[in-house]
Amino acid sequence: MSDDQTRKANLADIQKGAPAAESSLIEINGPNLGRFYRLEQDQVTIGRDAGNTLPLDQENVSRFHCRIERVKATNTYFLEDLNSTNGTFLNDVPIRREKLRHGDLIKVGRVVLKFISGGNSEAMYHEEIYFMTITDGLTQVANKRHLMDFLDREIARAIRFGRPLAVVMFDIDHFKDINDQNGHLAGDHILKDLCSLLSKLVRKEELLARYGGEEFVMVLPETGLSTASTIAEKARRMVEKHEFVFAGKKIPVTISLGVAELSPMAADPTNFLRAADERLYEAKRAGRNCVR
């Protein structure tokens with residue numbers, strides 16, 4: 001994954017292009033993060049060719065990939081795939097033609113667009129921009145900025161009240177090989193599926209965040225090293241047993257995990273994460289698919 005796809009949105013720059021009341025698309029993952037596209041025409045085509053209403057000159061995007069059609073009589077919108085090579089996905093499901101609903105996610109190649117219906121457009125825009133500043137566009141878990149802010153608060157609270165705090169850092173084993181053998185779209189799918197799976201482990205007061213690339217962090221307040229290691233092992237087993245499937249092909253996936261507890265030697269986010277990262281590399285040296 002490139003830095004472009006995990007970078008933070010610049011709130012001031014994005015807000016200059018705030019939308020009008022018509023239905024819109026907002027790019028939540030891709031090179032033009034935060035850009036709004038107003039659906040002003042009855043038919044909007046999306047694809048790599050410059051002749052499209054919405055050109056996306058990106059890998060895995062066909063010349064004329066898909067189109068959005070407005071039915072004037074009911075003011076409803078439909079998304080239709082135009083026999084693209086890699087398919088058009090609506091909420092992670094490949095489609096031929098489907099009605100769009102407010103909040104739907106459209107994936108074209110590696111670009112993700114969010115559909116915002118006209119009546120909610122302006123209010124939803126500002127809400128979405130804030131959400132983008134703290135959320136990873138692809139996986140929809142917390143981003144690195146949110147992670148560091150969250151750790152700052154939780155470390156201060158743990159020190160003040162003498163409470164335990166642990167972090168689990170993990171990444172996908174041999175992820176480059178998965179991308180090389182199956183393509184980047186498969187890699188993206190695995191990242192999203194992994195986060196959806198492990199989000200079930202995370203309680204409301206905890207945090208799952210994408211640290212970068214295929215590396216993730218769980219922050220566990222009120223949790224000591226032993227319990228955190230148990231949670232990490234549960235996560236490892238869940239991933240190992242889960243069936244990851246893309247384009248009808250099963251792809252084996254495992255993760256390696258490193259666990260660290262807050263200590264006087266690592267009482268700031270950077271050193272705390274470094275301690276977990278060192279344990280993660282111990283897990284890799286031990287053969288991967290394990291907890292250290």
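Here Ala, Val, Leu, Ile, Met, Phe, Trp, Tyr, Cys and Pro count as nonpolar, Asp, Glu, Lys and Arg as charged, and the others, Gly among them, as polar. The views below show a predicted model.

**View A. Lining of the largest pocket.** By these classes, six nonpolar, four polar and four charged residues make up the lining of the largest pocket. The space in the largest pocket comes to about 170 Å³. Its lining counts 14 residues, of which Phe89, Asp92, Lys107, His189 and Phe246 are the closest to the pocket centre. Two elements, helix H5 (184–198) and strand E15 (245–246), each give at least two residues to this lining. The largest share is that of H5, with four residues.

**View B. The loop around Ser84.** Ser84 sits in the loop that runs between strand E6 (76–81) and strand E7 (88–90). Its relative accessible area is 11%, which is under the 20% limit, so Ser84 is classed as buried. The side chain of Ser84 has a polar contact with the side chain of Asp81 at 2.6 Å. The side chain of Ser84 also reaches the backbone nitrogen of Gly87, at 3.0 Å. Leaving aside residues up to four places away in sequence, Ser84 touches Ser62 and His65.

**View C. The five-stranded open sheet.** Five strands make up an open sheet with mixed pairing, in the order E4-E3-E5-E6-E9. The edges are E4 and strand E9 (97–99); each has a single partner strand, so one side of each lacks a neighbour in the sheet.

**View D. Strand E3 and its two partners.** Strand E3 (residues 43–47) is mostly covered, four of its five residues being buried. With strand E5 (residues 66–71), E3 pairs in the antiparallel sense over four bridges. Within this pairing, Thr45 has Arg67 of E5 as its bridge partner. With strand E4 (residues 54–55), E3 pairs in the parallel sense over two bridges. Here the bridge partner of Ile46 is Leu54 in E4. Strands of a sheet pair through backbone hydrogen bonds, in either the parallel or the antiparallel sense. In a regular strand, side chains alternate between the two faces of the sheet.

Methods:
Residues are numbered from 1 along each chain as its sequence is written. This is a predicted model: local features need pLDDT of at least 70, side-chain atom pairs count only at pLDDT 80 or more; totals for chains, interfaces and linings use all residues. Side-chain values use heavy atoms; hydrogens and water are left out. Buried means under 20% relative accessible area, exposed over 50%, partly exposed in between (1.4 Å probe, protein chains only). A polar contact is a pair of N or O atoms within 3.5 Å; within protein, one must be able to donate a hydrogen and the other to accept it, and residues adjacent in sequence count only if both atoms are side-chain atoms. Contact means heavy atoms within 4.5 Å. Two strands pair if DSSP finds at least two bridges between them. On a 1 Å grid over the protein atoms alone, a cavity is a set of points where a 1.4 Å probe fits but cannot get out, and a pocket is an open set with protein on both sides within 12 Å along at least five of seven lines; lining residues have an atom within 4 Å of a point. Grid points are joined across faces, edges and corners, and a volume is the space filled by probe spheres set on the points.
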